[in-house]
Amino acid sequence: MQNKHDSNNNTNVSHLDLANAIRFLSVDAIENAKSGHPGAPMGLADIATVIWQDFLSHCPSDPAWINRDRFILSNGHASMLLYSLLYLSGYPITIENIKNFRQLHSPTAGHPEFSYIPGIEMTTGPLGQGLATAVGMAIAEKALAKDFNDKEHKVIDHYTYVIAGDGCLMEGISYETCSLAGVLKLNKLILIYDDNNISIDGKVNAWFNEDIAMRFRSYNWNVINSIDGHDPKAIKEAIKKAKLSDKPTIIITKTVIGYGSGKDLEGSHKVHGSPLGIENIEKAREQLGWNYKSFDIPSRIKEKWNLTDKGNNLKNQWNQLWQSYYSKHPTKAKELQRRINAILPVDLSKKIIDQAKLWQQEINEKDQSLATRKASFKTLSFIAPMCTELIGGSADLSPSNLTQWSGSVDINETLINNTYAHDEDHNTLYGNYIHYGVREFGMSCIMNGLSLHGGFIPFGGTFLVFIDYAKSALRSAALMKTKAIYILTHDSIGVGEDGPTHQPIEHIAMIRSIPNVLDWRPCDIVETTIAWDEAIKYQGPSTLCLSRQNITAQKRNMNSIENIRKGAYTLYETNEGDANPDIIIIATGSEVSLAMDIAKELINLKVRVVSMPSHAKFLAQDPSYREEILPKSVKKIAIEMAHSISWHRFVGDNGIIISIDTFGKSAPAEDLFDYFGFTTKKIIDKIQDWIN
């Protein structure tokens, strides 16, 4: 095997020494765990060393420094590569953490998990999502830079580096987001493609042999092809060229998986997902000239690898720039600080609640009906001018999702044409709205990237039924507790004539089953407004499931508005304040008005109607409140035009659930309501039969 690793200047530590430190920390940890993926860290060590030693602008003593370059390991199974880099360069990770790789309660999990160790920019493992999320980070960098920088003060000026393998580029999400990245000319996005031709099943050319260079040229990317991934000079020159481009860049590197592991292993799928074994590790030490014991990194190599001082110098230089910027643009600087620190505007929640009360007063004075998607649009139009960090978009359904409020400025146009808009105060505005095209999964990954980068609260719209396409990104957001707001309209068979393909049935239950997701299905503009307020404040993903059809707004006591945020509350009682109703009807969304009609027809029963816009919020309440709203001793009926599975825990064994556990039909909405039994008469008949 040819040695292409030149010595570093003015030191007795060579590039090979630095790369081998990564390799052997990785294989030793994997061997210790008897589990892991040694091939990719061994093959990628040279590339990672060049990026981190020569290019990456970051600060190990302040991992959250806003102007750091982002480094994303999209092929997250190579996690020991990242853990080794963090440990060697000075991040708060110990050798004991390395030795406890993949063990219970260790921060060095099998795949990189966001927030476990400072320096991990995102959770990776589901292939392709790291690359896709990095596109969102690159959009965030470019949009913030355009909004806040001036010619002398580039306070936001950093790159997003991604390492991705064959699996990432096989996943369809790589197409969705890389296509959009090319359109948006995200020139500070640099993708290093680890073209080692190996996956778990073997050599990938039997099932993946497309021309990657041609593919990315068609996306309008800058393509740097045929780079030897074990030649540090070639890697360095390629990254330098990438930085000169006005497009995103893919650097296609040929590497040998399991580099240095010996002729029986390197370059084969055998080294992909299994420990090397002690004997093979010893052979690798001999082949690569690493004459040290397990987990032993000589002090001279540790010193060369440690990037703390370099990072501190970079941050100190930036701090001087920031002070100058702050002196020149104090208002903009404070606004940028507020957004980066995720501090919501002063009194935002109070203003939202006050507006909800005004809308409630109007409803109490005059009957109203409105689709909750339109209620969401009215709420968004009220909130967004006060909350400049909101950045919206839709997967080609803006007129249906109603996500494009009047102050929206298309990032697509401003990025492509390098133009600006102005808000009402004549401030320069680069953009706050993204047309994602028909890319639900891509939109959701990009929202995660925008949120993880900082400075933005993203929201994105599609039909509820198409959350299927985005579910994996929603789950990733839940794992990371990443703030992202999903506007999911056309939330029931009320979609009507579009039929079963567009009528969500199981989707709400699926959303409710994901930990850390805040589900909302409001019944009118007041509940919708509270849902928006909660979603903006919540540190995690929120879903707002909204109706296509108009639904009756509910008259309610002003004092009950605050209880909406508890997830469920008493909307109506035959005898107000009665602690012992005969039955409780629980409903969400459009079915709340149906529940109210039913309650008022059941004149021989004491009825309580509970609106439950959020299961997650209600389940998070104190048990005493839950018992107050839904006493265990009272019979309960749940009404929702969706699957029944999420309702059993609320109604218990002696209750009934009026739901839809089949797919829908194509017909006008009113015909569907009658066919599936969602009319006042049909539900009253069921209740009477049940009681009798």
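Predicted model: local features only at pLDDT ≥ 70, side-chain atom pairs only at ≥ 80, totals over all residues.
Reader: Which residues of helix H10 are buried, and on which side or sides of the helix do they lie?
Author: Helix H10 runs over residues 278–288, and its buried residues are Ile-281, Ala-284, Arg-285 and Leu-288. They cover an arc of only 100 degrees around the axis, which means that they lie on the same side of H10. An α-helix has 3.6 residues a turn, so residues three or four places apart point the same way. The buried residues are therefore Ile-281, Ala-284, Arg-285 and Leu-288, on the same side of H10.

Reader: Against which helices do the buried residues of H10 pack?
Author: Glu-279 and Glu-286 are exposed on the other side of H10. The buried residues, by contrast, pack against helix H1 (15–33) and helix H2 (39–55).

Reader: What phi does the residue just after H10 take?
Author: The residue just after H10 is Gly-289. Its phi is positive, at about 70 degrees.

Reader: How far apart are the end C-alpha atoms of helix H19, and what span should its 14 residues have?
Author: H19 comprises residues 467–480. At 1.5 Å a residue, its 14 residues should span 20 Å. The end C-alpha atoms agree with this, being apart by 18 Å.

Reader: Where is the kink in H19 centred?
Author: The kink in H19 amounts to about 30 degrees. Among the buried residues of H19 are Ala-470, Ala-473 and Ala-477. The kink is centred on one of these, Ala-473.

Reader: Which residue follows H19, and what is its phi?
Author: Met-480 of H19 is buried. H19 is followed by Lys-481, whose phi is positive, near 55 degrees.

Technical notes. Residues numbered from 1 in each chain as written. Heavy atoms only, no water. Buried < 20%, exposed > 50% of the residue type's maximum accessible area, 1.4 Å probe, protein only. Helix = DSSP H or I, 4+ residues; strand = E, 2+ residues; numbered from the N terminus. Arc of directions from axis to C-beta. Contact = heavy atoms within 4.5 Å. Expected span 1.5 Å × (residues − 1). Bend = angle between axes of the 7 residues up to and from the residue.
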